[in-house]
Amino acid sequence: MTSYEVESIATVVGGHARVQDDYQGGVESVIRLNEAYPLETLRGIDEFSHLTVTWRFHLAQPEDVQLHARSPRGNVQWPATGTFVHRNHRRPNQLAVSYPRLLGVDGRDLLVTDLDAVDGTPVIDLAPYFQEMGPRGSIRQPAWPSEMLADYWRDAAERPETDLP
């Protein structure tokens with residue numbers, strides 16, 4: 001297999017304090033661009049409403065990777081599906097892509113909301129979200145992702161107290 005070495009370009013500051021499956025909405029955080037990159041690399045980004053952010057599950061371990069079919073979130077009511085059908089840290093490269101709303105820019109800091117990464121997460125890449133680069137045509141998927149993610153973007157302030165750290 002071919003391997004690639006990448007370095008983070010930014011770090012998530014604030015926002016979610018721990019990894020959680022649901023209630024990801026309404027939390028503000030900062031994507032702080034590394035000092036190695038000139039401010040000019042962000043010029044014009046403030047004209048966009050959303051970003052495409054590629055990040056690494058930095059709290060995951062290599063032994064978390066699971067290369068077999070399994071039911072999402074361990075729920076046997078949902079079908080066992082392969083590793084590349086899941087969107088979690090059990091994937092081989094432990095990478096994720098998110099589309100947070102950009103609220104503002106302050107120097108190297110991009111203030112965002114609805115970024116489902118935790119404080120300290122390394123950002124591998126970021127770009128503005130171009131509507132024209134999104135999916136073309138109608139979207140097709142089985143019922144289980146909508147069932148599983150029904151509370152994913154619920155406001156974090158609505159999280160039941162029994163689920164707090």
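Helices (H or I, at least four residues) and strands (E, at least two) are DSSP runs, numbered from the N terminus. With that in mind, the elements of this chain, read from the N terminus on, follow the order β-β-β-β-β-β-β-α, which amounts to one helix and seven strands. The radius of gyration, taken over C-alpha atoms, is 17 Å, close to the 15 Å that the globule rule (2.2 Å times the number of residues to the power 0.38) gives for 165 residues, so the chain is as compact as a globular protein of that length. Along its principal axes, the C-alpha trace spans about 50 × 45 × 40 Å.

Before going into detail, keep in mind that this is a predicted model, in which local features need pLDDT of at least 70 and side-chain atom pairs count only at pLDDT 80 or more, while totals for chains, interfaces and linings use all residues. Residues are numbered from 1 along each chain as its sequence is written, and side-chain values use heavy atoms, with hydrogens and water left out.

How much of the chain is buried? Buried means under 20% relative accessible area, exposed means over 50%, and partly exposed lies in between (1.4 Å probe, protein chains only); buried residues make up 33% of the 165 residues.

Ser71 is buried, with a relative accessible area of 17%, and, not counting residues up to four places away in sequence, Ser71 touches Val76, Trp78, Pro79, Ala80 and His86. Thr81 also counts as buried, at 12% relative accessibility, and its contacts, with the neighbours up to four places away again left out, include His86 and Trp144.

Finally, consider the aromatic rings. Rings of Phe, Tyr and Trp (its six-membered ring) pair if their centres lie within 6.5 Å, and planes under 30 degrees apart count as stacked, over 60 as edge-to-face and the rest as tilted. By this rule there are four aromatic pairs, among them Tyr152 and Trp153, which are edge-to-face at 5.1 Å centre to centre, with 90 degrees between the planes. Tyr152 is buried, with a relative accessible area of 17%, whereas Trp153 is partly exposed, at 46%.

Note on methods. Contact means heavy atoms within 4.5 Å.
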